[in-house]
Amino acid sequence: MTRTVDPFNKVVTIEEAMSHFHSGMSILVGGFGGVGNPPTLIQAMLDEGISELTIISNDTAFPHIGVGKLVTEKRVKKVIASHIGSNPRAGEQMTAGELEVEFCPQGILAERVRAGGVGLGGILSDIGIGTIAEKGKEKIRIGDREYLLETPLTAEVAIVHAKKADRFGNLVYDTSARNFNPLVAMAGEVTIVEADEIVEVGELSPEEIVTPGVFVDLIVQSEGVNWRWAWEK
Amino acid sequence: MGVGEVKQAEGYRERIARRAAQEVENGMIINLGIGIPTLVADYIPAEKKVFFHAENGILGTGPSPAPGEENPMLCNAGGFPVTLQTGASFFDSATAFAIIRRGLLDMTILGALEVSERGDIANWIVPGKRVPGMGGAMELAQKAKKVMVLTTHLDKHGRSKIVQSCNLPLTATEAADLVITDMAVMEVKEDGLYLREVMAPYTVAEVIGATEAQLKIEGDVKTFT
């Protein structure tokens, strides 16, 4: 997709960002257990009626939190994740045949997303050998060791939650909300960042930038988390 | 975890965690799973300095914050707010698992649905019943230098979770080093599973009788109270 925004000012309205979404698409979602899921973009997807999604995300969060809301509202047809246990709706829909779930060991999922984002054709790993996780995967011998070929993951759109973004898209994350976000940010055909704070180019120290803005296509202002966390009384 | 946990005497979880903490050595890098493993941190004596690794991207998680002091973005892999130890660092999920696959974790402590006498671990799926996913358990079980499994000895139907051969799909093969339950402490060695200690009030005969796996004994079997 060609960029239609000024590369040194990628800030757009949520409405402009939503023009990149459609039902039936694949979406990479940053976050872990809801922490680092972009709340404003997810809410906009719900409001726009986007459905039939293939979601690639570490997990399906909780029924009322983050990416979990898309599952609860039955907007997802397939998920590639390492864990769905904290969202009972995901398990119910899987059992009912409404949701296809492809499980991937968490660190391998991270590396597959990274491979997709950094232009690699695949990765070799011995994780899951001797378990059902090796099913359907090509085995490759390097010297005297056997590895599984793990394929890269990309998606039409990647959505990311950052603490700070400058207008070029240089990103800083909030503590452990970093998790999958820097990997997801690299792996979208279009990467859309939701930032708690948007600053001018030059305001972030080059030393603190985690994701260089070259990976980012669009930036929207976050309206903040609009759910209660599972641990909140 | 917590799949199929049988109702047990008061305090069995704490006793398992207290015994597990004895295995912790000064300077270790440790990952704690959800459930009983999380409790182990409470029993590590202050003179032993360790770093806790959380697979969502923290090395050096500290105790829970005081109520009202939580940063919702700063959580452990179970999704609960944490504080940081001095010297802590943040990193992305690829780096979190680089630490694991590279063999830099001295110890991982996790739960299980079944453990076999050769150390196979099953802890992520009960086909047709409960399918939460493996999360990071495969990497942790396969790559940590020492793998300690904490679990109840019996499932909710009273069946031994310590088995000759796992029936459930595996998380990792020949991975467990030490298994601590509410009934026993067992060590996996090349030639089988050794009963090292029984948990009070159980006797050696009771533990052997309750265990489907073949338990070997060499020397004294101590009692942990």
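Helices (H or I, at least four residues) and strands (E, at least two) are taken here as DSSP runs, numbered from the N terminus. The structure is a predicted model, where local features need pLDDT of at least 70 and side-chain atom pairs count only at pLDDT 80 or more, while totals for chains, interfaces and linings use all residues. Residues are numbered from 1 along each chain as its sequence is written, and chains are lettered from A and ligands numbered from 1 in the order in which they are written.

A handy place to start is Pro105(A), which sits in the loop linking strand 4 (100-103) to helix 5 (106-118) of chain A. Burial is a matter of counting: a residue is buried if 20 or more other C-beta atoms lie within 10 Å of its own, exposed if 12 or fewer, and partly exposed in between, with C-beta atoms placed from the backbone. Pro105(A) counts as buried because it has 28 C-beta neighbours inside 10 Å. As for contacts, two residues qualify if their C-beta atoms, again placed from the backbone, lie within 7 Å. Setting aside neighbours within four places in sequence, Pro105(A) touches Ser82(A), Ile127(A), Gly128(A) and Ala133(A), plus Met134(B), Met138(B) and Glu139(B) from the other chain. Ala165(A) is another matter: 60 residues along the chain from Pro105(A), with 30 Å between the two C-alpha atoms.

Two strands are said to pair if DSSP finds at least two bridges between them. In general, strands of a sheet pair through backbone hydrogen bonds, either parallel or antiparallel. Strand 8 of chain A runs parallel to strand 10 (residues 188-199) of chain A, with 10 bridges joining them, and His161(A) stands opposite Glu194(A) there. Strand 1 (residues 26-29) of chain A is also parallel to strand 8 of chain A, over three bridges, and Ile27(A) faces Val157(A) as an opposite pair. With strand 9 (residues 171-172) of chain A, strand 8 of chain A runs antiparallel, through two bridges; here Ala165(A) is opposite Leu171(A). The hairpin of these two strands of chain A has four residues between the strands, and Gly169(A) takes a positive phi near 105 degrees in it.

On to the interface, where 38 residues of chain A are in contact with 33 residues of chain B. On the chain B side, helix 3 (93-101) and helix 4 (137-143) each supply at least two residues, and helix 3 of chain B gives the most, with five. Sorted by class (Ala, Val, Leu, Ile, Met, Phe, Trp, Tyr, Cys and Pro as nonpolar, Asp, Glu, Lys and Arg as charged, the others, Gly among them, as polar), the side of chain B that touches chain A has 18 nonpolar, 11 polar and four charged residues. Helix 3 of chain B has Ser93(B), Ala94(B), Ala96(B), Phe97(B), Ile99(B) and Ile100(B) as its buried residues. Those residues pack against helix 5 and helix 6 (181-187) of chain A, and also against strand 2 (51-54) and helix 4 of chain B. After helix 3 of chain B comes Gly103(B), with a positive phi near 80 degrees.

As a whole, chain B has five helices and 14 strands. Its radius of gyration (taken over C-alpha atoms) is 17 Å, close to the 17 Å that the globule rule gives for 225 residues, so chain B is as compact as a globular protein of that length; the rule is 2.2 Å times the number of residues to the power 0.38. The C-alpha trace of chain B spans about 50 × 40 × 30 Å along its principal axes, and 47% of the 225 residues are buried. Of the chain B contacts between residues at least 6 apart in sequence, 65% join residues at least 24 apart.

Strand 8 (residues 146-150) of chain B is mostly covered too, with four of its five residues buried. This strand of chain B is parallel to strand 5 (residues 107-110) of chain B over four bridges, with Leu110(B) opposite Val149(B). Three bridges link strand 8 of chain B to strand 10 (residues 178-180) of chain B, again in the parallel sense, and Met148(B) stands opposite Leu178(B). Elsewhere in chain B, three strands make an open sheet of mixed pairing in the order 7-6-9. Its edges are strand 7 (121-122) and strand 9 (162-163) of chain B, each pairing on one side only.
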